[in-house]
Amino acid sequence: MASCIAKFKPFRPLALLQQALAAIYLIAIASVAQAADYTGPLFDAHLHYNEEAWNGTTGPHPPADVLARMQTSGVRAIVANSRPNAGSLALAALPQMREAGIAVVPFVRLYRNRAEGLFTLFLPDALRSPRARR
C-alpha cells in the first residue's frame, strides 16, 4: 500500500494547485455577487419606550425625537412597549405619527414597573415584593 501512495506523491502539488484555484474562483464569484440595496419601508417589531427614555414630562427621547428617528430611518410601523404602559400609549396617540404615516401598535406589558419583572409574575403573591403587589 505504501508503494502505491509513493507513486502518487508527485501529483500532490497539482491537487493543492487545483484547490487553491477553486478557492480563488469562489472568492471572486462571491465578491461580484451582491444583494440589491433594500429601499422599501421598515417595521420596528420591538421598540422599548420605558420611563428612562421619556416619563411623560422629561427624558432624553421625547415623542418628537422618536418621530424624527423613525422618519429618518424609513420606519413605517412600530410595535411599541413601555414600562409603564403610558409611554407606548402616548406614541400611539401622537397625531404627528399618524400624519407622518407611521403606524404605532402599543403592546401592553403585564407589569407596570421594574420591580414587577417577568419572573415575579409566576411567584405566589406571598413571595412577591410589597412594591410589586400594588
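This is a predicted model: local features need pLDDT of at least 70, side-chain atom pairs count only at pLDDT 80 or more; totals for chains, interfaces and linings use all residues.
I'll start with the surface. Leu17, Leu21 and Ile24 form a nonpolar patch there, and together they have about 300 Å² of accessible area.

Ile24 sits in helix H2, which covers residues 12-32. Is Ile24 buried or exposed? Its relative accessible area is 55%, and the cut-off for exposed is over 50%, so Ile24 counts as exposed.

Now the whole chain. The protein has five helices and three strands. Read from the N terminus, the order of elements is α-α-β-α-β-α-α-β. There are 134 residues, and 25% of them are buried. The exposed surface comes to about 9,800 Å², with 66% of that supplied by carbon and sulfur atoms. On contacts: if you take those with a separation of 6 or more, 62% are between residues 24 or more positions apart.

Next, helix H3, residues 63-73, where Ala68 is placed. Ala68 has 35% relative accessibility. Buried would need under 20% and exposed over 50%, so Ala68 is called partly exposed. I also looked at Ala68 against Ala100. The two are 32 residues apart along the chain, and their C-alpha atoms are separated by 9.8 Å.

Moving along, we come to the loop between strand S2, residues 75-81, and helix H4. Pro84 lies in that loop. What kind of peptide bond joins Arg83 and Pro84? The bond is cis, with omega at about 0°. As a reminder, most peptide bonds are trans. Please look at that bond on the screen.

The relative accessible area of Ser88 is 1%. The cut-off for buried is under 20%, so Ser88 is buried. Which residues does Ser88 touch, once those up to four places away in sequence are left out? Tyr49, Ala80, Asn81, Ser82, Val104, Pro106 and Phe107. Of that list, Ala80 and Asn81 fall within strand S2, residues 75-81.

Ile24 in helix H2 is exposed at 55%. Ala68 in helix H3 is partly exposed at 35%.

Notes: Residues are numbered from 1 along each chain as its sequence is written. Side-chain values use heavy atoms; hydrogens and water are left out. Buried means under 20% relative accessible area, exposed over 50%, partly exposed in between (1.4 Å probe, protein chains only). Contact means heavy atoms within 4.5 Å. Helices (H or I, at least four residues) and strands (E, at least two) are DSSP runs, numbered from the N terminus. Accessible areas come from the Shrake-Rupley method with a 1.4 Å probe; for residues, only the protein chains shown count as cover. Patches are made of residues with over 30% relative accessible area and no salt bridge: like charges are joined within 9 Å, nonpolar side chains (Val, Leu, Ile, Met, Phe, Trp, Tyr) within 5 Å. A salt bridge is a side-chain nitrogen of Lys or Arg within 4 Å of a carboxyl oxygen of Asp or Glu.
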